[in-house]
Amino acid sequence: ANLLNVRGVSRRFQSSHGETLALQATDLDVAENDFITILGPSGCGKSTLLRIVAGLDRQSTGEVLLDGARIEGPGADRGMVFQSYTLFPWLTVQDNVCFGLRERGLPRARQLEIAAGFIHKVGLKGFERHFPKQLSGGMQQRTALARALANQPRMLLMDEPFGALDHQTRELMQELLLGIWEAERTTVLFVTHDIDEAVFMGSRVVVMSARPGRIKLDRSVPLPHPRH
Ligand code: ADP
Ligand code: ADP
């Protein structure tokens, strides 16, 4: 069954210079357990599409359904990971990962137990009490990934998550994320402008064209993924 349906979605932005059509009549059905990479040049509307699915932006036309229900705003059922990490700088790794669990009112002991599991999965055992600024970019992104996973979202929405990392760290993070996906089969929507990354990561690659922003190709990729 489809977890997500994007139907005829457009997004128009108004500005003093006139109008930008960021997305045009976009359709996308996402099956549960898919790892979808959305590939396209800068400005083609990838972030706009992801932000609409996240509930951080609204489409101008069309509808977006998650489990058959219209998306009205952000929710714990969709975990976001951004290029810029967006960790809470005043919270430790552990408390960043606990954040959503605390919001949901889970007992502290249960929060710590769940957080410990995901901190271990992303390879940050021993760094629980570090603050974000004490960590490398890759470790900050590991924290952000653990934070997103800890809420056990229906979908993981990732916008160029490894775009700020050096080449070697990026490859490590790609392998970490694929390993987690293979183990947990979380549905992933992953935006990138890097074709190697899109083909390496995706069980399905969706290619968007620059103008107007819309999908021009949508292919499943046989697994396992060869690195080169
Ligand atoms: P991508 O993620 O593929 O780089 P975006 O979704 O960020 O593309 O942007 C698609 C287009 O919409 C671009 O032309 C961009 O400048 C424009 N755009 C995005 N967000 C806004 C906004 N808040 N206001 C005006 N224009 C926007
Ligand atoms: P990305 O890293 O995906 O390319 P951008 O730098 O294009 O992201 O956009 C970052 C933020 O700025 C987003 O919230 C986006 O909606 C907004 N934005 C992008 N283009 C414009 C624009 N032309 N006018 C106003 N806001 C924009």
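A crossing is called left-handed if the near helix is turned anticlockwise from the far one by less than a right angle, and right-handed if clockwise. This is a predicted model, in which local features need pLDDT of at least 70 and side-chain atom pairs count only at pLDDT 80 or more, while totals for chains, interfaces and linings use all residues. Residues are numbered from 1 along each chain as its sequence is written, chains are lettered from A and ligands numbered from 1 in the order in which they are written, and side-chain values use heavy atoms, with hydrogens and water left out.

**Stop 1: H3 and H4**

Select residues 108-121 for helix H3 and residues 137-150 for helix H4. Helices (H or I, at least four residues) and strands (E, at least two) are DSSP runs, numbered from the N terminus. H3 passes H4 in a right-handed crossing. The two pack at an angle of about 135 degrees, with axes 9 Å apart; axes are lines fitted to C-alpha atoms, for helices over the stretch in contact, and angles run from 0 to 180 degrees between N-to-C directions. That angle makes H3 oblique to H4 (under 35 degrees is roughly parallel, over 145 roughly antiparallel, 65 to 115 roughly perpendicular, and the rest oblique).

Now show side chains: Ile114, Phe118 and Ile119 of H3 meet Ala146, Leu149 and Ala150 of H4, where contact means heavy atoms within 4.5 Å. By class, this contact of H3 with H4 has 6 nonpolar, no polar and no charged residues (Ala, Val, Leu, Ile, Met, Phe, Trp, Tyr, Cys and Pro count as nonpolar, Asp, Glu, Lys and Arg as charged, and the others, Gly among them, as polar).

**Stop 2: H2 and H3**

H2 and H3 pack at about 125 degrees, with their axes 9 Å apart, which makes H2 oblique to H3. H2 also passes H3 in a right-handed crossing. The residues of this contact divide into 8 nonpolar, 2 polar and 3 charged.

**Stop 3: the sheet**

Two strands pair if DSSP finds at least two bridges between them.

Zoom in on S3 (residues 35-39) and S9 (residues 204-209), which run parallel and are joined by 4 bridges. Which residue of S9 is the bridge partner of isoleucine 38? The partner is valine 206.

**Stop 4: helices on the sheet**

In H1, 7 of the 9 residues are buried (under 20% relative accessible area; exposed is over 50%, partly exposed in between, with a 1.4 Å probe and protein chains only). Among them are Leu49, Leu50 and Ile52. Glycine 55 follows H1 and has a positive phi, near 85 degrees.

**Stop 5: two loop residues**

Most residues other than glycine have a negative phi. Asparagine 33, in the loop between S2 (18-31) and S3, has a positive phi of about 80 degrees. Asparagine 33 is partly exposed, at 36% relative accessible area. Threonine 86 is partly exposed, at 34%.
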